[in-house]
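I opened my notebook for a first visit to this structure. Come along and look things up with me.

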Amino acid sequence: MNNEYGSTAKVVLSVSNVRKKIAHKWIIDDVSFDVREGEIFGFLGPNGAGKTTTIRMLVDLIRPSAGTITVCGYNVNRHPEKALQFVGSIVENPEVYTYLTGWENLQHFARMQPGVDEARIAEVVEIVRLDQRIHDKVRTYSLGMRQRLGIAQALLGRPRLLILDEPTNGLDPKGIKELREFIRQLADEGLAVFVSSHLLSEIQLLCDRVAIISKGRVLAVGGVDELVSRNSPYVLWNVEPYDKGRELLAARNGINITDPADVSLDDTVIAGMGTNSVITIMEDELIPEIVAMLVAAGIEVRGVHKINPTLEQLFLKLTEGETIE
Amino acid sequence: MNNLLPLIRNECIKILKKKRFYVILLILAVLVPMFTYAQMRIAERSQDKFNSDWRLEVQQQITDNQNSLSSDRIPEEWKSYRRIFVQQLQYYLDHDVNPNEPSGVTFTREFLDNSVTLFIPLLIMAVASDLVSGERTTGTIKMLLTRPVKRWRVLFSKMTALIMFVSLIVLSTFLVSYLISGLAFGYRGFNVPVFTGFQIGGDTVNMSTVHAVPQWKYILMQCGLIWFVSIVVALLAFMVSVLVRSTAASIVVMMATLIAGTILTNMASAWTTAKYLFMVNLGLTGYLAGTPSPIEGMTLPFSMAVLGTWGLISVIISFTVFTKRDILN
């Protein structure tokens, strides 16, 4: 992950002061950011924040009410036939023609752009590893295979910018991991990748830089680590006996105990937590010290879990208490 | 132009692979034998009755129609229709030409006459109604419009493919009808004379412009007119499919207007401004056969102009909407 995303890399996608009004309501209100060559740019926001609307504007499905979007120097809305040559995209689900085979689908999209021959189709099929089933009707494909066909379609024209809208939707954990590695590899080859997501963890694992969007406004743009490290993580303590442990933790400086009801945690975490858990917000450097303190006080420490801040928590910080909804 | 051809090819492949065209051929292959059989029964019956003398049959038809003219229960519009019909039959009789000479060609001619206002438009809707709305229903429109191709080119390629398939549908309707009915009635009859050029004014038919043309020429003119009607219907259905998001809604809208057209044709003779609606103008082949127009003052050039205008307007609306609209879902 040692990408240079300083000012040296060339800007591929530039969005400046874009606004969109739909039915007398500003759905997107002043969004600006740049995406550079070789970087994976995350677009993070809760559902309904305007992520998809923004993405649709990036690929000329929707015309912005104000502001400009340029790809490799071409205005997307004024010269889509030029700008979109450099863009491969999947907007929402990878919707391809189910009554055609995978190969016929790729041929179909190849005819819509210059310089894509059969050899290139074979090449992208190889890249997404669909060669076994490419001549079957898409109707028979699994969601993961359709996703890969969608990516193959997006890569056909050797794009400079790849736009993926919630790409891990519907994929199993193995598929997600593969996709992540694949995207990283593409970025290392110099492609700019724009990925939207409502999951902070996904953005953290994948992206170099991130723009956080809420209610049609960009709240922050910056390096992922920089934004995420502004927040203290949750630490879950599984202690026995519970009451005494909780008392000790509460008394310690630098630890805030929160109610489980106030925190939105992943289901997997909740399932593994057990009943006797205390949820705290604290700096993780303190953990060894606290463990020692608890043990010294005769309390059994059955488990300590560090949980990364959720998107919600990040939002609370950025909007200073204003909730997402 | 060179980058339009691959796009048109794409659209043709999609129409073929969706198997819509085969469904149309199948419908024809099932329905035409039914009509052929019905026609055969009619022929058999009249043969029994008139000893295969067509003159007797036509004379009987004339007498029947004349008798009904004296009845008070028949509305005035029908009476004038029958008066015209009688005059035409008389003309055929006077010139010793059988208007219903049974043959595959005659059957085809009559089948085309009867199918131009509803049956062929329905077949065309099967292709036209989901050309754009189908892509929106399945979401593939997003893939289609995020490629480096201007939107008007995408729409133009769809429209071109549509016009090609409409022509193919008209041609196959003729071929299927001729080939299947020929099995029952024989394949000859292309040179049988048919009268055309009846000029209808009020109750009377002006016979001065009537002339005989060989049946093949008549069918050629018929097919040309049917093709024109079909293109206009296709363009209208195409516009609806651009405007409406779901294919089902698009089909319902077009069906409703077409059926409204056939209802109006039967009752709108008093409402004269209805003649500017496209759906009462679909029966172009009626002008060849000399059937009275549904509304007074309609002529072949008038109907073609009305249809042409509707077609042109729908093309303009389709392109304006399609190139401007935001694709929100």
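**Entry 1**

I began with helix 1 of chain B and asked what its buried residues pack against. I found helix 3 (102–110) of chain A, along with helix 2 (20–50), helix 6 (119–128), helix 7, helix 8 and helix 9 of chain B itself. A reminder to myself before going on: this is a predicted model.

Next I looked up which residues of helix 1 of chain B are buried. My list reads Leu7(B), Ile8(B), Asn10(B), Glu11(B), Cys12(B), Lys14(B) and Ile15(B).

I also checked the length. Helix 1 of chain B has 13 residues and spans 18 Å from its first C-alpha to its last, close to the expected 18 Å at 1.5 Å a residue. Just after this helix, I noted that Lys19(B) has a positive phi of about 65 degrees.

**Entry 2: where the two chains meet**

I then turned to the contact between the chains. On the chain B side I found 29 residues in contact, and on the chain A side 31.

How much area is buried between chain B and chain A? I read a value of about 2900 Å², with carbon and sulfur atoms giving 56% of it. I jotted down a general point too: interface size is often quoted as the accessible area lost when the parts come together.

For charged pairs, I found 5 salt bridges between chain B and chain A. One of them joins the side chains of Lys17(B) and Glu104(A), at 2.8 Å from N to O.

Which elements of chain B give two or more residues to the side that touches chain A? I noted helix 1 (5–17), helix 7 (133–138), helix 8 (140–145) and helix 9 (151–185). Helix 1 of chain B gives the largest share of that side, 7 residues. Sorted by class, the chain B side has 11 nonpolar, 7 polar and 11 charged residues.

**Entry 3: a look at Ile22(A)**

Last, I picked a residue in chain A. Ile22(A) lies in strand 1 (residues 11–22) of that chain.

Setting aside neighbours within four places in sequence, I found Ile22(A) in contact with Ile27(A) and Leu328(B). I also looked up Ala211(A): it is 189 residues from Ile22(A) in sequence and 22 Å away in space, C-alpha to C-alpha.

Methods. Residues numbered from 1 in each chain as written. Chains lettered and ligands numbered in written order. Predicted model: local features only at pLDDT ≥ 70, side-chain atom pairs only at ≥ 80, totals over all residues. Heavy atoms only, no water. Contact = heavy atoms within 4.5 Å. Buried area = accessible area lost by both parts, 1.4 Å probe. Salt bridge = Lys/Arg side-chain N within 4 Å of Asp/Glu carboxyl O. Helix = DSSP H or I, 4+ residues; strand = E, 2+ residues; numbered from the N terminus. Nonpolar A, V, L, I, M, F, W, Y, C, P; charged D, E, K, R; others polar. Expected span 1.5 Å × (residues − 1). Buried < 20%, exposed > 50% of the residue type's maximum accessible area, 1.4 Å probe, protein only.
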